[in-house]
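Visitor: I'd like to learn how to read this structure. Could you walk me through it?

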Amino acid sequence: MASLGDIGLAAAINILTAFAFLLAFAILRIQPINDRVYFPKWYLKGLRCSPLQGGAFVSKFVNIDFKSYIRFLNWMPAALQMPEPELIDHAGLDSAVYLRIYLLGLKIFVPIAFLAFSVMVPVNWTNHTLERSNVAYTSIDKLSISNIPTGSNRFWTHLAMAYVFTFWTCYILKREYQIVATMRLHFLASERRRPDQFTVLVRNVPPDPDESVNELVEHFFLVNHPDNYLTHQVVYDAKKLSSLVAKKKKKQNWLDYYELKYSRNQSTRPYKKTGFLGLCGSKVDAIEFYTAEVERLSKEIELERVKVMKNSKSVMPAAFVSFRTRWGAAVCAQTQQSRNPTTWLTEWAPEPRDVYWDNMAIPYVSLTIRRLIIAVAFFFLTFFFMIPIALVQSLANIEDIEKAAPFLKSFIEIKFIKSFIQGFLPGIALKIFLIFLPTILMIMSKFEGIISLSSLERRSATRYYIFQFINVFLGSIITGTAFQQLDKFIHQSANEIPKTIGISIPMKATFFITYIMVDGWAGCAAEILRLKPLIFYHLKNFLLVKTEKDREEAMDPGTLGFNTGEPQIQLYFLLGLVYAVVTPFLLPYIIVFFGLAYVVYRHQIINVYNQEYESAAAFWPDVHGRIIFALVISQLLLMGLLSTKEAANSTPLLITLPVLTIWFHLFCKGRYEPAFIRHPLQSLRVMKTPTVK
């Protein structure tokens, strides 16, 4: 059990680590040689030029303006200056609304923390329950509900605060849901018109012996949507064509390189060897060789294109159907087209950047089977991950380590080593175990047959959150003493589960504090440093870059990574809402995370990230729903905890809380969620397409 000193050591390590990362970033970002790493978004928009192109030789690579080093923290106020409407124009609605999740955390937890420390901490601290008991405790435990004696009337304070915290959270959630829904509708209405806004994706086109897919789609929509149908494009399986285009792109890049090389020194023609990796074979003129290769591949591409168009087997049972008005597209996308609900499936077409082409032609029956397989696979993945979680939790229990390895006792009992193991090591070990999980979950979502990148990320985010809840939250609490408690948990009755978890919650506050510091504080600072993209950019620039196009591709702007970032944020909402009443000492650590993360990710969105797609904040219902879930879980666990404290009089009032919370969620779902899954026909009727020539 980590003491206040252990937490202090962990805080010192993480604060120093975060400060070192931020200081390194502040210095590296102003070096001209790193400009493309820390400001790639401006290069992609064509609004920034490389500082390496002009000036003295030394100043091209190293910033010699010493005044800029004094202002090394000016990136923080600069990140906060851009107004939200301008941010939406610059980075899109997805990015702007994603930042509102961090603001939402501050809006919820800052007032809650103020109330908790003003009301509940004095109520907890002024008891002497732990001092008079034989239980091992720390100073943090004296600030928690554990210091309240069994059956005390002081539990009414915690009950009242649970109601206050719930009402405040619901008020902020409703207000934010309304704002984001309005932002989405305004964004869709005012956005510059694009073809995908008038297009519907049709899948599972049924086979017809008398008509091709192309003819069948045209006939179907001319009959059923005669006034609004405009045109369509069937989907082709063109993997070979795509491969040829990629090869031509590489050859063209080499041709550009040798032409540039020759233009700088026209006294000598560039040559290359035609063998393996250019190390062997006959020596030929490089420009003539790659010119011939580009011409050859251009002819192959044209032949393959004609072949794909003529081959009926290349046509997939899917098509993009365009309409004359958004209203017509909305009617088609939001209605059933056939008596058979498994054919002629229609939905709003993702924007071109958002389409995941590999899943476009998966049959309806196959989709159902795939989802079943993935559900079973995810269950076993979640269950078996309990093993490393139990091992991580055993690190936080010095007694278990000493029993398993008695020869380490003298070493472990050294004060610094003991504080390091209990206060820092469990958090970093858990972070390492979770590194590969997002990749696995994304592969599982792709196997399911989802057709858009945004939907893939949302599905992966849902599974990641479930995994975090079961393994990181519940698993860390239940397996605090490894498999002994786990075995007890499995074999006890269902109505005893909340009590078991409730007893364990205050004991695990210190572990979650260390995890927040490692993952939240140091993790945010590491995010802005961009150490991996920095190293890879310079390696590519040194070894692979031949042309300016290569240099642009060597930049890795990255994206927000909704499938990993949002579930991680939701874990902090869960911890904050659960521990707000139980151990308020955890709240300041979460507030620091939300504040630091907001500044860091605002800077990254403005200067770095280049989003792959724009979903117009379609993810917000998931954000809202997961916070509601965390709120209900916090209420149920508080109920279980108070039942162990013989506070039976408070149980009827506590049962009312989750009921009211679920009712509130259903109200918000019916009031605001339709704006995120449908388009209102009233506002779309007057929006017609531009004239098609």
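Visitor: At roughly what angle do the axes of helix 7 and helix 30 cross?

Guide: First, a word on what you're looking at. This is a predicted model, where local features need pLDDT of at least 70, side-chain atom pairs count only at pLDDT 80 or more, and totals for chains, interfaces and linings use all residues. Residues are numbered from 1 along each chain as its sequence is written, and side-chain values use heavy atoms, with hydrogens and water left out.

Guide: Now the general idea: two packed helices are described by the angle between their axes and the distance between the axes. Axes are lines fitted to C-alpha atoms, for helices over the stretch in contact, and angles run from 0 to 180 degrees between N-to-C directions. Here, helix 7 (residues 93-125) and helix 30 (residues 620-644) cross at roughly 20°, and their axes come within 11 Å. That makes helix 7 roughly parallel to helix 30 (angles under 35 degrees count as roughly parallel, over 145 as roughly antiparallel, 65 to 115 as roughly perpendicular and the rest as oblique).

Visitor: Which residues make that contact?

Guide: On helix 7 they are Val97, Ile101 and Leu104, and on helix 30 they are Trp620, Val623 and Ile627. Contact means heavy atoms within 4.5 Å. Sorted by type, the residues are six nonpolar, no polar and no charged. For that sorting, Ala, Val, Leu, Ile, Met, Phe, Trp, Tyr, Cys and Pro count as nonpolar, Asp, Glu, Lys and Arg as charged, and the others, Gly among them, as polar.

Visitor: At what angle do helix 10 and helix 30 pack?

Guide: Helix 10 (residues 155-190) packs against helix 30 at about 175°, with the axes 11 Å apart. That makes helix 10 roughly antiparallel to helix 30.

Visitor: How many helices and strands does the chain have?

Guide: The chain has 33 helices and six strands. Helices (H or I, at least four residues) and strands (E, at least two) are DSSP runs, numbered from the N terminus.

Visitor: What share of the residues is buried?

Guide: Of the 693 residues in the chain, 50% are buried. Buried means under 20% relative accessible area, exposed over 50%, and partly exposed in between (1.4 Å probe, protein chains only). Take helix 14 (residues 326-333): six of its eight residues are buried, so helix 14 is largely enclosed by the rest of the structure. Arg326 and Cys332 are among those buried residues.

Visitor: How many salt bridges are there?

Guide: Side chains of opposite charge can pair when their charged atoms come close. A salt bridge is a side-chain nitrogen of Lys or Arg within 4 Å of a carboxyl oxygen of Asp or Glu. By this rule the count is 15. Glu84, Arg100, Lys107 and Glu176 are joined in a network of them.

Visitor: How far apart along helix 13 are Arg305 and Glu302?

Guide: An α-helix has 3.6 residues a turn, so residues three or four places apart point the same way. Arg305 and Glu302 both sit in helix 13 (residues 286-310), three residues apart, about one turn of the helix. They form a salt bridge whose closest N and O atoms are 3.0 Å apart. Arg305 is partly exposed at 37% relative accessibility, and Glu302 is partly exposed at 43%.

Visitor: Which parts of the chain does the pair Arg626 and Glu566 link?

Guide: Arg626 and Glu566 form a salt bridge, with 2.9 Å from N to O. This pair links distant parts of the chain, with Arg626 in helix 30 and Glu566 in helix 28 (residues 562-582), 60 residues apart. Arg626 and Glu566 are both buried.

Visitor: Where is Ala616 found?

Guide: Look in the loop between helix 29 (587-607) and helix 30. Phi of Ala616 is near 55°, a positive value in a residue other than glycine. Ala617 is found in the loop between helix 29 and helix 30 too, and its phi is near 60°, again positive. Ala616 is buried at 4% relative accessible area, while Ala617 is buried at 0% relative accessibility.
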